[in-house]
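Reader: Could you walk me through a few side-chain details of this one?

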Amino acid sequence: MVTPYQKGLFADKSTLILRSLLQKSEKQWRTRELAEQCGISQGLVSRTVVYLEKLGYAQTQKGRNGYIRLVDVEGLLKDWVSIYDFSLNSIVSLYSPDENALSKLKTFLLKQGGENCYALTLHTGANLMTNYVRDPNIYVYLLGIHPYHTAKELQMQLGFKKLVQGGNVHLIQ
């Protein structure tokens, strides 16, 4: 059963905080530092920290030298997976017959916003580590880049096609 804390913790903007904490899980973060890193208010960071602590995922120290640090990364990830709904993402799908579509897409995205502007997900991301499932689809989260604008640019510059339905290149916001 989903607790009210988990609902708030795994909401869109709060997950930006989780992502930052998970990227450097051993780090002792300050509220202001997290707010700046994520581009969100210190109030939201504070509320999220309260949720993390109440659910046992994080340890905090109050006061002038206060910090937050994750202590149960595995539990946090397990609970996040159980509540996550991929279908809530905004997705723009395109088609490319090119066997090198992924490498061309990555090069294009690097020019758009650097290496921190996208993340490969689902089998596309998993296949970087191990290639158990051969999937012709490319799934990419876009960070700070609008998928509709990016889709138009990909159509013009790389010849990707917008079909009435479906595709094999999926841009996710």
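This is a predicted model: local features need pLDDT of at least 70, side-chain atom pairs count only at pLDDT 80 or more; totals for chains, interfaces and linings use all residues.

Reader: Let's start with the aromatics: how many aromatic pairs does the count come to?
Author: Ring centres have to lie within 6.5 Å for a pair. By that rule, the count comes to 1 aromatic pair.

Reader: Is the pair of phenylalanine 10 and tryptophan 80 stacked or edge-to-face?
Author: Two numbers settle that one: the ring centres are 5.9 Å apart and the planes are at 25 degrees. Planes under 30 degrees apart fall in one class, while edge-to-face needs over 60. So phenylalanine 10 and tryptophan 80 are stacked.

Reader: How many residues apart in sequence are the parts that this pair ties together?
Author: Phenylalanine 10 lies in the loop between α1 and α2, and tryptophan 80 is in helix α5. Both residues are buried, by the way. The pair therefore ties together parts whose separation in sequence is 70 residues.

Reader: And which residue lies over the face of tryptophan 29?
Author: A charge sits over a ring only if its atom is within 6 Å of the ring centre and within 35 degrees of the ring normal. Here the distance from the ring centre is 4.7 Å, and the residue lying over the face is lysine 27.

Reader: Moving on to cysteines, how many disulfides does a search of the whole structure find?
Author: A disulfide needs two cysteine sulfur atoms within 2.5 Å. For cysteine 38, the closest cysteine sulfur is in cysteine 117, 17 Å away, so that is too far for a bond. Cysteine 117 is in no disulfide either. The search of the whole structure ends at 0 disulfides.

Reader: Is cysteine 117 buried or exposed?
Author: The cut-off for burial is under 20% relative accessible area. Cysteine 38, at 14%, counts as buried. With a relative accessibility of 3%, cysteine 117 also counts as buried.

Reader: How wide an arc do the buried residues of α3 cover around the axis?
Author: The residues in question are Leu34, Ala35 and Cys38. They sit on the same side of α3, because the arc they cover is only 100 degrees.

Reader: Which exposed residues does the face of α3 turned away from its buried side carry?
Author: The buried side is covered by elements including α2, α4 and β2. On the face turned away from that side, the exposed residues are Arg32 and Glu36.

Reader: Last one: what is the relative accessible area of arginine 134?
Author: Arginine 134 has its place in the loop between α7 and β5. Exposed means over 50%, and arginine 134 is exposed, with a relative accessible area of 78%.

Definitions and conventions
Residues are numbered from 1 along each chain as its sequence is written. Side-chain values use heavy atoms; hydrogens and water are left out. Rings of Phe, Tyr and Trp (its six-membered ring) pair if their centres lie within 6.5 Å; planes under 30 degrees apart count as stacked, over 60 as edge-to-face and the rest as tilted. Helices (H or I, at least four residues) and strands (E, at least two) are DSSP runs, numbered from the N terminus. Buried means under 20% relative accessible area, exposed over 50%, partly exposed in between (1.4 Å probe, protein chains only). The arc is that of the directions from the helix axis to the C-beta atoms. Contact means heavy atoms within 4.5 Å.
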